[in-house]
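User: I'd like a close look at one part of this model. Start with a strand pair, then move to a helix.

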Amino acid sequence: PPLHTLLNLDEIEAAAKTQISKKCWAYYFSAADDLHSKALNNLAYRNILLRPRVFVDVTKASTATTLLGHPASTPLYVSPAAMARLAHPDGEAGIARGVARFGAMQLVSHNASMTPEQIVADAAPGQLFGWQLYVQTNRAKSEAMLARVARLRDRYRCVVLTLDAPVPSKREHDERAGIEAQLVVQSARPPPPDAAGLQEEETKKEKPDANSGVGKQLFFGTAADLTWETTLPWLAAHTDLPIVLKGIQTHEDAYLAARYARRHPGTVRGIILSNHGGRSLDTAPPAVHTLLEIRKYCPEVFDTIEVWVDGGIRRGTDVVKALCLGAKAVGVGRAALWGLGAGGWQGVDRTFDILQGEIETCMRMLGVKDLSELGPRFINTRMVERD
Ligand code: FNR
């Protein structure tokens, strides 16, 4: 269907499903075990109610903000997600083009299907990017990538260190697609090209197991021995960029990140509350719960480092609710990929157009002209705090 006929993110996801390969759909859609965290990520937002105020002149509403000190015209950003070219040849560069007019920051995955240079090649000056790192067991490989990103430092403004996936999880949709592809290979000679596995960057990774899904194949080589004491000093020695820790899921770890930031200025500047879109540990908490914990036990974290969140964003109201709870920025993972699958860079543009419009409508309905006004007085969290 033409993109302008798609009115919300669910419709874009449904359109993408008809355009992309089964294997791509299974990889993007999948989450760990029973998909409880994936579902809860969105349900948590739906269970927060808004508290609109009246008699406010809302002729205009601005979503301008700053991310790590850089001006941004929206609090929305693109979460790092692997292998965009599985969905569309525009790939990660297409995501960059699609978000350009919204001024949204794009975090580029360690497992992107294009090089860091290619992705930013056509970006407008001032367009914001960050680069996401999975530390490799072979640290020299990670150090080489950090050096490469450092050479693009007028583009990549932060290094995002992902911590919530120290070991591969069980994503059955993805694994089943791998198994089915393998069965096709076994029953046909020569194998059809589609069944031969990932076409992009094929040679870069060794496959651990012919039956595994895309996720397990990409995971190969990732280190499981990261610690506060060893990893952050190592990382700070290999990058001058601000560090953002992704995959924080408890107030204890948020507190430790803020404490580290205070003790080591110029290193950790932000955290991302995320359960990896429900893809790592099933029944791990949605960002909403972690935000509420931080507000209760260590609210000073919000004054020390920037707190970003991702997971389950389907509507502008979801974004506004996260901001009311103290998030500085809100990321979308699958939504950007579905947009890309539905219509290349224009599909991403359409996705962000919808979300941005919904954010502005929500703000004005609430009686809010500027993001800085948002706070807990605009929401009722009783339903999510019951447990
Ligand atoms: C991801 N995510 C992810 N995170 C990360 O730090 N590095 C990565 O390479 C990837 N890869 C990846 C691939 C795919 C297909 C998905 C869907 C997700 C997690 C991502 O950054 C983010 O945390 C979630 O996607 C947010 O949830 P939603 O927006 O997808 O619900």
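In which sense, parallel or antiparallel, do strands β9 and β10 pair, and over how many bridges? After that, please take me through helix α14 (residues 334-366) and what it meets.

Analyst: This is a predicted model: local features need pLDDT of at least 70, side-chain atom pairs need pLDDT 80 or more, and totals for chains, interfaces and linings use all residues. Residues are numbered from 1 along each chain as its sequence is written.

The strands come first. β9 (residues 268-273) and β10 (residues 306-310) pair in the parallel sense, over 4 bridges. Pairing requires at least two DSSP bridges between the strands. Within this pair, Ile271 stands opposite Val307 of β10. β9 and β10 belong to a closed barrel of 8 strands, with parallel pairing, in the order β4-β5-β6-β7-β8-β9-β10-β11. On average, neighbouring strands of this sheet are turned by 30° against each other, direction ignored.

α4 lies across β4 (76-78) and β5 (105-108), and runs at about 170° to β5. Axes are fitted to C-alpha atoms, for helices over the stretch in contact, with angles from 0 to 180 degrees between N-to-C directions.

α4 also packs on α14, at about 25° and with the axes 6 Å apart. That makes α4 roughly parallel to α14 (under 35 degrees is roughly parallel, over 145 roughly antiparallel, 65 to 115 roughly perpendicular, the rest oblique). The crossing of α4 and α14 is left-handed: the near helix is turned anticlockwise from the far one by less than a right angle, while clockwise is right-handed. From α4 come Gly94, Ile95, Arg97, Gly98 and Val99; their partners in α14 include Trp345, Asp349 and Phe352. Contact means C-beta atoms, placed from the backbone, within 7 Å. By class, this contact of α4 with α14 has 7 nonpolar, 5 polar and 2 charged residues (nonpolar: Ala, Val, Leu, Ile, Met, Phe, Trp, Tyr, Cys, Pro; charged: Asp, Glu, Lys, Arg; polar: the others, Gly among them).

Next is helix α1 (residues 9-19). α1 and α14 pack at about 160°, with their axes 10 Å apart. α1 is therefore roughly antiparallel to α14. This crossing is right-handed. Leu9, Ile12, Glu13, Ala15, Ala16 and Gln19 of α1 meet α14 residues that include Trp338, Arg350 and Ile354. The contact of α1 with α14 divides into 8 nonpolar, 5 polar and 2 charged residues.

Helix α13 (residues 316-324) is another partner. Its axis comes within 7 Å of that of α14, and the two cross at roughly 60°. α13 and α14 are therefore oblique to each other. Their crossing is right-handed. Gly316, Thr317, Val319 and Val320 of α13 meet Leu355, Glu358, Ile359, Thr361, Cys362 and Met363 of α14. That contact holds 6 nonpolar, 3 polar and 1 charged residue.

Last, the ligand. It is surrounded by 26 residues, and the closest are Ser79, Thr162, Gly277, Gly333 and Arg334. A residue is near when its C-beta atom, placed from the backbone, lies within 6 Å. α2 (22-29) and α14 are the elements that give two or more residues to this shell. α14 gives the most, with 3 residues. The shell counts 9 nonpolar, 13 polar and 4 charged residues.

Note on methods. Contact = placed C-beta atoms within 7 Å.
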